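This report concerns a single protein chain and its three-dimensional model. Please consult the sequence and coordinates shown here alongside the text.

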Amino acid sequence: MTKTCPIALTVCADPRFARLVRMSASNVGLLSSMSVERVEDIRMAAEEAFIYACAVQPSAPVAISFEVDDEHLTMAFTLEASTFPEPDEGDPAAAYADLILASVCDSFEKQEGPAALILTLKADV
């Protein structure tokens, strides 16, 4: 596969659906030339991003788009909210999510208007 293949999923921001998001992300990762270890990174990143989105806007729809080719996977978690609040010292969960996403992903950014987490993981094989 050399061409980018877009895939979309919309899920209610409810932590009960984290497994669905995690498994979908790992299946999409297998479309690229990712090692088993890298697919595990994709699973972890997808779950952390989804749980983060659930904390920001519970029960709202989260639009998750995946773009995959032979060399990378990009996941975008988009909310109806306009921004992601910056983590504060009283909320260790958000700071933890930022730490995990920044360390596992090759690229991690927060966008505004609407709020979106954009994660990119490069293939390692």
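The sections that follow treat the overall fold, the nonpolar core, selected residues and the backbone geometry.

**Overall fold**

The model is predicted. Its protein chain contains three helices and five strands, arranged along the sequence in the pattern β-α-α-β-β-α-β-β. The C-alpha trace spans about 40 × 25 × 25 Å along its principal axes. The radius of gyration of the protein chain is 14 Å, which agrees with a compact globule, because a globule of 125 residues would have a value near 14 Å.

Of the 125 residues, 44% count as buried. Among contacts with a separation of 6 or more, 70% link residues 24 or more positions apart. The protein chain exposes about 6,600 Å², and carbon and sulfur atoms supply 54% of that area.

In soluble globular proteins, nonpolar side chains tend to be buried together. In this model the largest nonpolar core has 36 residues, and the members that touch the most others are Phe50, Val62, Ile64, Leu73, Met75, Phe77 and Leu119. Two or more residues of this core come from each of helix 1 (18-29), helix 2 (36-56), strand 2 (61-68), strand 3 (72-78), helix 3 (92-104) and strand 5 (116-122). Helix 2 gives the largest share, nine residues.

Leaving aside residues up to four places away in sequence, Met75 touches Ala25, Ile42, Ala45, Ala46, Ser65, Phe66, Leu117, Ile118, Leu119 and Leu121.

**Selected residues**

Ala49 and Arg38 both belong to helix 2. With residues up to four places away in sequence excluded, Ala49 touches Phe77, Leu101, Leu117 and Leu119. The C-alpha atoms of Ala49 and Ala116 are separated by 9.7 Å, although the two residues are 67 residues apart along the chain.

Arg38 has a charged side chain of the positive class, yet is buried. With the same exclusion of residues up to four places away, Arg38 touches Val104, Asp106, Leu121, Lys122 and Asp124.

Pro6 is located in strand 1 (residues 5-12). Its C-alpha atom lies 16 Å from that of Val62, a residue 56 positions away along the chain.

| Residue | Relative accessibility | Class |
|---|---|---|
| Ala49 | 0% | buried |
| Arg38 | 10% | buried |
| Ser59 | 57% | exposed |
| Pro6 | 65% | exposed |

Arg38 counts as buried because its relative accessible area of 10% is under the 20% cut-off. Ser59, at 57%, is exposed because the corresponding threshold is over 50%.

**Backbone geometry**

Most residues other than glycine have a negative phi, and most peptide bonds are trans.

Pro114 belongs to the loop between strand 4 (107-111) and strand 5.

Terms used. Residues are numbered from 1 along each chain as its sequence is written. This is a predicted model: local features need pLDDT of at least 70, side-chain atom pairs count only at pLDDT 80 or more; totals for chains, interfaces and linings use all residues. Side-chain values use heavy atoms; hydrogens and water are left out. Helices (H or I, at least four residues) and strands (E, at least two) are DSSP runs, numbered from the N terminus. The radius of gyration is taken over C-alpha atoms; the globule rule is 2.2 Å times the number of residues to the power 0.38. Buried means under 20% relative accessible area, exposed over 50%, partly exposed in between (1.4 Å probe, protein chains only). Contact means heavy atoms within 4.5 Å. Accessible areas come from the Shrake-Rupley method with a 1.4 Å probe; for residues, only the protein chains shown count as cover. A nonpolar core is a set of buried Ala, Val, Leu, Ile, Met, Phe, Trp, Tyr and Cys residues joined through side-chain atoms within 4.5 Å.
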